[in-house]
Amino acid sequence: MHFSIPETEVRSDENGSSYVIKKEYGNNVVPAFPPKKIFTLTPAEVDQRREQLEKYMQAVRQDPILGSSEMFNSFLRKAQQETQQIPTEEVQLEIYLSNGQKVKVNILTSDQTEDVLEAVASKLDLPDELVGYFSLFLVQERGDGGCTYVRKLQEFELPYVSITSLHSPDYRIVLRKSYWDTAYDSDVMDDRVGLNLLYAQTVSDIERGWILVNKEQHRQLKSLQEKGSKKEFIRLAQTLKYYGYIKFDPCITDFPEKGCHVIVGAGNNELNFHVKLPSDQMKEGSFKVTRMRCWRVTSSQVPVANGTANPSSSSKCDVKLELAFEYLMSKDRLQWVTITSPQAIMMSICLQSMVDELMVKKSGGSIKKQMQKKRLNGSFQRSDSQQVVKSPPLLDSPDPSREQVVKLSTKLSSVSLRGLSSSNSASDISGNDFHGNYSFEGIGDDDL
């Protein structure tokens, strides 16, 4: 999470909040808090301190126990609102659907992600029991017509504050399904609004090339569209490669060798790699989440061109994010794999949600059961006015220039190697920052 922390928060409230959280959950659960200096901080030290505090909050937020702490979430909410100096008041917020349709909801500036999600569901007349099947994502529109999924909005976030603080029309909040198991599609398709949302998303994913479609499959899909057969359209799409995946922007990996350009996709309980080797040869492979022992996200400052190597100097620096995971390559061999990408946090969130979903299913639970339990604590407020989900236009004709290998080669060749660390990521891993994978424990020899 990369919202700014106000200087007053950095200098005063942080130790108190950390102490209270440690008192509640114990020192062994709470990560070590960044040490605080006695003397007044310089502006450069305040910036450094803010970065340390943000990293601390990322670590605590991804812990399944601490993440649900109301006192911690309250601290984060306060930090967001005070940073941007936005008072609590009624506003109108624009939420987008996958087909580009805009939904305007009336909310409070202090409303959390869940409040906004419920307001959108009410506006669309999506049933209460299906709200948990969807999430809000921060997305950046690119000049080439594509988009970058920056992150999934977390429970403690204030969506209005998050989008307003970016001061750019390129960012928008998008409603998208939040689950990975395609079996949940049946629950969503049983409802008219849910079906329309899933259909719009599927058409959008095909159009942007996230789902691979050959000419014959494209013809079949377009025929189903013309007949208005939305369920059959989705069922056919479910059989296609990369259905339900989120694709990330081209980035860098050290697998199978350092400095390789890669396009990463998250879906089907795996991270999929399309790698361009230094020899220009293209390779594809997948890393199953059930074979990742643990992972972590790290950030560091890298000087821009003509800058200095000292991150505390006044020279401008870029923040380099890395996702590193330890993978079971064979029965007795674990290996660290590192991805250097501005979307590393989003990748980590995807992995965590995959693990959470697997563990819920393993315990006999489901999204529907979770929503039913939630409804016992009070139903959602419904809007007086509803908005219909518009049906997307028919699929465009296949473009030969969008063939997968050509597209990947073009994208990957434009990836910059600036700021790539030459150190071995495994040696930089600190045990205190691991995100342990509970689903890893269920792996047996038969799975290898």
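Predicted model: local features only at pLDDT ≥ 70, side-chain atom pairs only at ≥ 80, totals over all residues.
Residues are numbered from 1 along each chain as its sequence is written. Local features need pLDDT of at least 70, side-chain atom pairs count only at pLDDT 80 or more, totals for chains, interfaces and linings use all residues, and side-chain values use heavy atoms, with hydrogens and water left out.

Me: What makes residues 192-207 a helix, α7?
Reply: Helices are DSSP runs of H or I with at least four residues, strands are E runs of at least two, and both are numbered from the N terminus. α7 has 16 residues.

Me: Why is α7 called largely enclosed?
Reply: Buried means under 20% relative accessible area, exposed over 50%, and partly exposed in between (1.4 Å probe, protein chains only). In α7, 14 of the 16 residues are buried, so the rest of the structure largely encloses the helix.

Me: Why is serine 366 called buried?
Reply: Its relative accessibility is 16%, so serine 366 falls in the buried class. Serine 366 sits in the loop between α10 and α11 (367-375).

Me: Which residues does serine 366 contact, leaving aside neighbours within four places in sequence?
Reply: Tyr184 and Val360. Contact means heavy atoms within 4.5 Å.

Me: What makes a space a cavity?
Reply: On a 1 Å grid over the protein atoms alone, a cavity is a set of points where a 1.4 Å probe fits but cannot get out. Lining residues have an atom within 4 Å of a point. Grid points are joined across faces, edges and corners, and a volume is the space filled by probe spheres set on the points. By this rule there are 4 cavities of 30 Å³ or more.

Me: What lines the largest cavity?
Reply: The lining has 14 residues, and the closest to the centre are Phe137, Lys177, Ser178, Trp180 and Ile246. The largest cavity holds about 120 Å³ of space. α10 gives the most to this lining, with 4 residues.

Me: Which helix gives the most to the lining of the second largest cavity?
Reply: α7, with 3 residues. The second largest cavity holds about 50 Å³ of space. Its lining includes Leu197, Ala200 and Gln201.

Notes: Expected span 1.5 Å × (residues − 1). 1 Å grid on protein atoms, 1.4 Å probe; cavity = no way out; pocket = protein on both sides within 12 Å on 5 of 7 lines; lining within 4 Å.
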